[in-house]
Amino acid sequence: MAKQKVVVTGGAGYIGSHTVVALHEAGFSPVIFDNFSNSKPEVLDGIARIIGEKPQIFEVDCRSKAELAQAIEACASDGQIAGVIHFAAFKAVGESTERPLDYFDNNIGSTVSLLEAMTAAGISNLVFSSSCTVYGQPDAIPVDEQAPILPAESPYGYTKQACERLITDAFNSSMPLSACLLRYFNPIGAHPSAAIGELPLGHPNNLIPYLTQATAGKRGPLTVFGNDYPTEDGTCIRDYIHVMDLARAHVASIHWLLSNPASCEAFNLGTGEGKSVSQVIAAFEKANGIAVPYSFGPRRAGDVTAIFANAGKAERALGWKCELSLEEALRDAWKWQQKLTEG
Ligand SMILES: NC(=O)c1ccc[n+]([C@@H]2O[C@H](COP(=O)([O-])OP(=O)(O)OC[C@H]3O[C@@H](n4cnc5c(N)ncnc54)[C@H](O)[C@@H]3O)[C@@H](O)[C@H]2O)c1
């Protein structure tokens, strides 16, 4: 029997490329829609090294309904499409405050176009990449999906809230749609083969890419933003999830959508454990036997003190939970950085 296809928008990006691998391993045929605005075609060679073949790819701008319609039609001509996983978006919080219109246009515009193209093609299953930023600084942690959505701190955060809203509104209308809104906590690490990972385009805003680049001597020492937060060691607490665990959650979501038609649910994807920045640095040093150059600096605007997931709903409904440790994620992140350093 022919494998079912899954369209992966943004599939050449960091989380998308790992999900393409996980989909292939689960017996699906992933098809990438990407315009390489934040990735490189070489990612496909990395995927091929792991799965033994280059995935099907369409160079598509997901804001364009016409390009999406054409690619979906070509894709559906020789196989059934089980659903779409929509990663394609811009993701830099800081940049979104400088270029809000680009973020609204790309992140919200692509989601509107995709929903229209899916409806026209009769595809109803959608997995959407959301973020724990929708919760802001929650009153209670671990945070579950019932926690209120707080006013967004950045245009980026707003686009995630707006897309969740528009997908939910579309679901509540007469549109034939089923959706998983996946709220990621902090994805880190890389495929253990180091054939794919997070591509450092520009100045990293996230802890791990900055930490690995600083440790590799590619940048100056890491600045830890604030050690006067009301946490045990004064640094912020986050929930770091191995990108391969996150990738598997997307496969589980596709299976869930296939057996739960006409459903729309949000799921937190995290480990359920909070780790402080100082704990992560210590864990990285222990896991890799190397010192991290760092110093403490002032707090960074917009950072919440502590957030980690209650991921019980995902475990119950999707049958998914994290299997990989923080140490494994940090080892894989360092392996990937060393590969990048070697060129
Ligand atoms: N990485 C994180 O920490 C994190 C956390 C929470 C949510 N997310 C969300 O997960 C998704 C994937 O994140 P990532 O870290 O893999 O990002 P990424 O930038 O590595 O990947 C995004 C991919 O989408 C592509 N893309 C962007 N706009 C496009 C468009 N209009 N048409 C076609 N392709 C387009 C880019 O070229 C890139 O390959 C994003 O929606 C992001 O907001 C990421």
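Trainee: Why is phenylalanine 36 called buried?

Mentor: This is a predicted model, so the value is computed from predicted atoms. Phenylalanine 36 has a relative accessible area of 15%. Buried means under 20%. Therefore phenylalanine 36 counts as buried.

Trainee: What makes the phi of phenylalanine 36 worth a remark?

Mentor: Its phi is positive, about 55°, and phenylalanine 36 is not a glycine. Most residues other than glycine have a negative phi. Phenylalanine 36 sits in the loop between strand 2 (29-34) and helix 2.

Trainee: Is alanine 262 buried or exposed, and how do you know?

Mentor: Alanine 262 has 59% relative accessibility. Exposed means over 50%, so alanine 262 is exposed. Alanine 262 also has a positive phi, near 55°. Its place is the loop between helix 8 and strand 11.

Trainee: What makes the bond between isoleucine 141 and proline 142 a cis peptide bond?

Mentor: Omega there is about 0°. Most peptide bonds are trans. Proline 142 lies in the loop between strand 5 (125-131) and helix 6 (155-172).

Trainee: Which residues touch the most other members of the largest nonpolar core?

Mentor: Val6, Ile47, Leu269 and Trp320 do, in a core of 38 residues. Helix 8 gives the largest share, nine residues.

Trainee: How do the lining residues of the second largest pocket divide?

Mentor: Six are nonpolar, four polar and four charged. The pocket holds about 290 Å³ of space. Among the residues closest to its centre are Glu42 and Trp336.

How values were computed:
Residues are numbered from 1 along each chain as its sequence is written. This is a predicted model: local features need pLDDT of at least 70, side-chain atom pairs count only at pLDDT 80 or more; totals for chains, interfaces and linings use all residues. Side-chain values use heavy atoms; hydrogens and water are left out. On a 1 Å grid over the protein atoms alone, a cavity is a set of points where a 1.4 Å probe fits but cannot get out, and a pocket is an open set with protein on both sides within 12 Å along at least five of seven lines; lining residues have an atom within 4 Å of a point. Grid points are joined across faces, edges and corners, and a volume is the space filled by probe spheres set on the points. Ala, Val, Leu, Ile, Met, Phe, Trp, Tyr, Cys and Pro count as nonpolar, Asp, Glu, Lys and Arg as charged, and the others, Gly among them, as polar. A nonpolar core is a set of buried Ala, Val, Leu, Ile, Met, Phe, Trp, Tyr and Cys residues joined through side-chain atoms within 4.5 Å. Buried means under 20% relative accessible area, exposed over 50%, partly exposed in between (1.4 Å probe, protein chains only). Helices (H or I, at least four residues) and strands (E, at least two) are DSSP runs, numbered from the N terminus.
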